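The sequence and the structure are shown first.

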Amino acid sequence: MSNKEFEKMTSDRIVVRAIEPKDEDAWHKLWKEYQGFQKTDMPLEVATTNFARFLDPTVKLWGALAFDTETGNAIGFAHYLSHLTSWHVEEVIYMNDLYVTEHARIKGVGRKLIEFVYKRADELGTPAVYWVTDHYNHRAQLLYTKVAYKTDKVLYKRTGY
Ligand SMILES: CC(C)(COP(=O)(O)OP(=O)(O)OC[C@H]1O[C@@H](n2cnc3c(N)ncnc32)[C@H](O)[C@@H]1OP(=O)(O)O)[C@@H](O)C(=O)NCCC(=O)NCCS
């Protein structure tokens, strides 16, 4: 089998869907990995609060998981939220987190997660989607430049928070 066929087969094996209650352990594992990547260690309370919010229909914070259908393993997530903006009547979507477990990268999983967020944004009637990344995260930007455009904005944060 050629590389191309293998890549295609691999991509066909990826499905993305909204997080469900049964995904808690799988999501926690990926969330832990993601914190390692981000060089941070968040309290467990953040994880449990996130997961509860994903499932709460009154909270506009959502989680999506990517799965390898052949193994059934969760291999990545996207978290996104909706918020008001003074620039549009409708809300906008902020993609808060995107993560693909190391062995599953460069197989189209990240792209499928972003496409899922775009689809949900359209369904919600809030099609504008944005996110931030570290300027040195070139790997992520290889994907982002294909599915979005890079703005000229620079992000500032209140010191200490
Ligand atoms: C960033 C991340 C989510 C991307 O996920 P992914 O599943 O590897 O991305 P995809 O396979 O969908 O897309 C990668 C794209 O970039 C290209 N690409 C990625 N790495 C590449 C490399 N080293 N050389 C050449 N092209 C590369 C691929 O060709 C692909 O383009 P295509 O869809 O046109 O084929 C993943 O690398 C990750 O989780 N990294 C650690 C966490 C992180 O950085 N999160 C983002 C924080 S903002």
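Is Phe77 buried or exposed in this predicted model? Phe77 has a relative accessibility of 0% and therefore counts as buried, since a residue is classed in this way under 20%.

**Aromatic side chains**

Phe77 is also one member of an aromatic cluster, whose other members are Trp27, Trp31, Tyr34, Phe51, Phe54 and Tyr99. Across the whole structure, a search returns 13 aromatic pairs. Two of these pairs can be examined through their ring geometry. In general, the distance of the centres and the angle of the planes describe a pair of aromatic rings.

Phe51 and Phe54 are edge-to-face, because their ring planes stand at 75° with the centres 6.3 Å apart; the edge-to-face class requires an angle over 60 degrees. Phe51 and Phe54 are both buried.

The rings of Phe77 and Tyr99 have centres 5.8 Å apart and planes at 40°, so this pair is tilted. Phe77 belongs to strand S3 (residues 74–83) and Tyr99 to strand S4; at 22 residues apart, the pair links distant parts of the chain. Tyr99 has a relative accessible area of 7% and is therefore buried.

The shell around the ligand draws two or more residues from each of strand S4 (92–100), helix H4 (109–124) and helix H5 (138–147). Helix H5 makes the greatest contribution, with six residues. The ligand has 20 residues around it, of which Val100, Ile106, Gly108, Arg111 and Asn137 come nearest. Sorted by class, the shell comprises eleven nonpolar, five charged and four polar residues.

| Protein atom | Ligand atom | Distance |
|---|---|---|
| Leu98, backbone N or O | nitrogen | 2.8 Å |
| Ile106, backbone N or O | oxygen | 2.7 Å |
| Asn137, side-chain N or O | oxygen | 2.8 Å |

Taken on its own, the ligand has 940 Å² of accessible area, and the protein covers 77% of this.

**Backbone angles**

Most residues other than glycine have a negative phi. Ile106, whose backbone approaches a ligand oxygen atom, has a positive phi near 55°. Ile106 is located in the loop between S4 and H4. With a relative accessible area of 74%, Ile106 is classed as exposed; this value counts protein chains only as cover.

Lys39 likewise has a positive phi, near 55°. The position of Lys39 is in the loop between helix H2 (24–37) and H3. Lys39 is exposed, its relative accessible area being 78%.

**Annotated domain**

An unreviewed UniProt entry carries the annotation "domain: N-acetyltransferase" for residues 14–161. In the model, this span is 35% helix and 23% strand, and its end C-alpha atoms are 37 Å apart.

How values were computed. Residues are numbered from 1 along each chain as its sequence is written. This is a predicted model: local features need pLDDT of at least 70, side-chain atom pairs count only at pLDDT 80 or more; totals for chains, interfaces and linings use all residues. Side-chain values use heavy atoms; hydrogens and water are left out. A residue is near a molecule or strand if one of its heavy atoms lies within 4 Å of it. A polar contact is a pair of N or O atoms within 3.5 Å; within protein, one must be able to donate a hydrogen and the other to accept it, and residues adjacent in sequence count only if both atoms are side-chain atoms. Accessible areas come from the Shrake-Rupley method with a 1.4 Å probe; for residues, only the protein chains shown count as cover. Helices (H or I, at least four residues) and strands (E, at least two) are DSSP runs, numbered from the N terminus. Ala, Val, Leu, Ile, Met, Phe, Trp, Tyr, Cys and Pro count as nonpolar, Asp, Glu, Lys and Arg as charged, and the others, Gly among them, as polar. Rings of Phe, Tyr and Trp (its six-membered ring) pair if their centres lie within 6.5 Å; planes under 30 degrees apart count as stacked, over 60 as edge-to-face and the rest as tilted. Buried means under 20% relative accessible area, exposed over 50%, partly exposed in between (1.4 Å probe, protein chains only). UniProt positions are given in the numbering used here, feature names are shortened, and annotations may be inferred rather than shown by experiment.
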